[in-house]
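User: I have a structure open here and some questions about it. Can we go through them?

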Amino acid sequence: MSRAFFLRRPTLLPRRWPRWARLTDRLLPWALPLGLFLLWQVASQRNWMSEQILPAPTLVWQTLLELGEDELWWHLSISLQRLAWGLLGGVISGVLLGALLGANPRAERLIYPTFAALAQIPTLAWIPLFMLLLGIGEALKLVVLIKAIIVPITVHTLVGVRDIPPRLYEAAAVLRLPPYLRLWRLVIPAALPSFMAGLRLALATGWSSLLAVELLASSEGLGYLMVWGRQLFMLDIVFVCILVIGLLGVALDRGIQFLDQRLVFWPHPATAEFRRHAGGRGWQRLQPWLLPLGLLALWQLSVQLHWVDANILVAPLDVLHTTWLGLLDGSLADAMRRSLGRALGGLLLGGGLGLLLGTLLGLCHPAERLFGPTLSALRQIAIFAWVPLLTAWFGLGEGAKLVFVSLATFFPLLIATQRGIAGLSPQLGEAARVLRLNWRQHLLCLVLPGAAPAIFAGLRLALIFAWLGTIGAEYFMPSDGGIGSLMIGAQQLFRMDQVMAGMLLIGLTGALFNTLGQLIEARATRWRTA
């Protein structure tokens, strides 16, 4: 393998290239989807697989036409209506809370630590609790959506408002701008880039969370339609829903991109990282503990004085007692062991494949043109939309869980690795030629170290997605134990204390994974600040 393999060609081919080469480069992205479609067609014609496992393309098309006459659009409108109400409530709440925390340092010290601690618990882990409190009606879907959307909106609005350059405030003071003009001309434009980044993330997490809750508890919507088709083993309906979900994901993503380009057209710094400010001195260091301790005391007092039904809202001391007993008798410990094993196995498989394929796409332009567009299209399909298909193909056992968690961790490392390598300076290729490095030395000594910051940032995200995917897999494939299966079982038995104990362990584990990812990233790329 020559060193020229590692010199990434530009995306737009130069004019001196032959016409056939330019035509080949344009047609290359269509080769993989067309090849897969032909393989699918041949497999269905020759009966390599049963139609109940792999329906023929003609059957899927016919089902799309039949459902498209009425039923499909009705379920789609229900899902979009839920998403719209969730976005409205989550965005308004997140903007107001984020603006308050960003503009008032005292409010940030008092409220944000509690908010961040609750945000460590994934939205999926809240669903059993919300089902016990709210039932399975529309209120459940709305609350789940608002929970999923409010976190990224609040954090990004906080960062955008808090990190406004002081020089802008000085200019506003010199110009003697009134408050409303200062808000309209200074605060909103300065915070808009960060807000748009949060809105894009909120839309993706909200859409995925909506599908998850519709799969679990709904009698209408796209998620319900997929479950109905899966239960009847009519996978043509599942394929149609996956196609619609993918197209809708592409449309939503492109819509946010268009809106971002129209509203944010000036240079601005990256807004992907939340940097927490110093905790203050003296009394200020104690302020973050006031709100959580006060809420816990009020919670405990409300249960003891019978202000609320203990069956509906278990006292925090009872939750801690149940957690301790579960760890002692091994039930919670065994569930956590199984879940952590699945998360690690999925991370190794899916993350490893993402790293290898991302390296290939980042280094080789033909490979990127061949695989990149298809993978980008598949990435737009919400992760939980694959659940009915995976359970039909792999059952409810460990294989299906491993595939689902691997799929959840595959894309973060794939995208991070590809972008990290593609963004390397061309001078690295010149340095490799001067030093006469072979392809292996070039890869290990220049390419991977140069892309290490992006790769380890992707690994940190993959750790979070591995844990989220594990909880989701155990919800939808409730067999062989696990903390998610335990919580679903406790919810069905109305064991609120076990549900909250599971939420506590899931939140602590998620926070541990996030901290572990940050430590690994800082340790592996410490040369950046040397």
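Predicted model: local features only at pLDDT ≥ 70, side-chain atom pairs only at ≥ 80, totals over all residues.

User: At what angle do the axes of α12 and α13 cross?

Analyst: The axes of α12, residues 316-329, and α13, residues 331-363, cross at roughly 75°. They come within 4 Å. Angles of 65 to 115 degrees count as roughly perpendicular, so α12 and α13 are roughly perpendicular to each other.

User: Which residues of α12 and α13 meet?

Analyst: From α12, Thr322, Thr323, Gly326, Leu327 and Asp329. On the α13 side they meet Ser331, Leu332 and Ala333. By class, the residues of this contact are 3 nonpolar, 4 polar and 1 charged.

User: New topic. How much space lies in the second largest pocket?

Analyst: About 1800 Å³. The second largest pocket is lined by 42 residues, and the closest to its centre are Leu36, Thr374, Leu378, Ile381 and Trp386.

User: Which element gives the largest share of that lining?

Analyst: α1 does, with 10 residues. Elements giving two or more residues include α2 (57-68), α10 (235-263) and α16 (398-422).

User: And how does the lining divide by class?

Analyst: The lining of the second largest pocket has 38 nonpolar and 4 polar residues, and no charged ones.

User: Last one. Is Thr114 buried or exposed?

Analyst: Thr114 has 11% relative accessibility, so Thr114 counts as buried; the cut-off for buried is under 20%. Thr114 is found in helix α4, residues 105-119.

User: What does Thr114 touch?

Analyst: Leaving out residues up to four places away in sequence, Thr114 touches Pro288, Leu291, Pro292 and Leu295.

Technical notes
Residues numbered from 1 in each chain as written. Heavy atoms only, no water. Axes fitted to C-alpha atoms, helices over the stretch in contact; angles between N-to-C directions. Parallel < 35°, antiparallel > 145°, perpendicular 65-115°, else oblique. Contact = heavy atoms within 4.5 Å. Nonpolar A, V, L, I, M, F, W, Y, C, P; charged D, E, K, R; others polar. 1 Å grid on protein atoms, 1.4 Å probe; cavity = no way out; pocket = protein on both sides within 12 Å on 5 of 7 lines; lining within 4 Å. Points joined across faces, edges and corners; volume = space filled by probe spheres on them. Buried < 20%, exposed > 50% of the residue type's maximum accessible area, 1.4 Å probe, protein only.
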